[in-house]
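Have a look at the model first.

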Amino acid sequence: QVQLVESGGGLVQPGGSLRLSCTASGTIFAVNAMAWYRQTTGNQRELVANVTRDGHINYANSVQGRFTFSKNDAKPTVFLQMNRLQPEDTGVYYCNALIQPDIFDDSMEYWGKGTLVAVSS
């Protein structure tokens with residue numbers, strides 16, 4: 001079974017930085033897409049950043065210029081470098097991936113359990 005495990009969340013002051021990591025493990029033939037989502041108080045779960053198989057990266061307008069999405073294809077692992085964090089960034093951040101377990105299977109969507117990011121003075 002494929003598993004996604006996030007790490008790197010924590011408590012930081014406004015203006016601080018955190019780096020989130022998400023590693024996929026298990027039976028993996030191909031990773032077609034990976035993404036970071038977040039859910040803040042009173043809001044629906046929203047896309048923060050994602051990368052497609054061709055390497056194109058998209059960012060939510062609210063994090064553009066502050067967050068950087070990167071990846072290591074070998075593990076596979078994705079990262080989210082978050083700079084100049086603000087209180088409105090507070091929430092649970094989830095890793096999401098579209099993964100093909102083996103050559104005979106279709107791709108399926110997987111979610112991590114989330115990691116908490118709290119931005120407060």
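Is N43 buried, partly exposed or exposed? N43 is partly exposed, with a relative accessible area of 45%; buried means under 20%, exposed over 50%, and partly exposed lies in between, using a 1.4 Å probe and protein chains only. Keep in mind that this is a predicted model, where local features need pLDDT of at least 70 and side-chain atom pairs count only at pLDDT 80 or more, while totals for chains, interfaces and linings use all residues. Residues are numbered from 1 along each chain as its sequence is written, and side-chain values use heavy atoms, with hydrogens and water left out.

N43 sits in the loop between β4 and β5. Its side chain makes a polar contact with the side chain of T40 at 2.6 Å (a pair of N or O atoms within 3.5 Å, one able to donate a hydrogen and the other to accept it; residues adjacent in sequence count only if both atoms are side-chain atoms).

Now for β9, residues 91-100. 8 of its 10 residues are buried, so β9 is largely enclosed by the rest of the structure. Strands here are DSSP runs of E with at least two residues, numbered from the N terminus, and two strands pair if DSSP finds at least two bridges between them.

| Partner of β9 | Bridges | A bridge pair |
|---|---|---|
| β4 (30-39) | 9 bridges | V31 and I99 |
| β10 (108-111) | 4 bridges | L98 and E109 |
| β11 (115-119) | 3 bridges | Y93 and T115 |

Elsewhere, 4 strands form an open antiparallel sheet in the order β1-β3-β8-β7. Its edge strands are β1 (3-7) and β7, each pairing on one side only. Within it, β3 (residues 18-25) and β8 run antiparallel, joined by 6 bridges, and L20 stands opposite L80 in β8.

Then there's the largest pocket, with a volume of about 230 Å³. A pocket is an open set of points on a 1 Å grid over the protein atoms alone, where a 1.4 Å probe fits, with protein on both sides within 12 Å along at least five of seven lines; lining residues have an atom within 4 Å of a point. The volume is the space filled by probe spheres set on the points. The lining counts 14 residues, and V31, R53, K71, D73 and P76 lie nearest the centre. β4 gives the largest share, 4 residues, while β4, β5, β7 and β8 each supply at least two.
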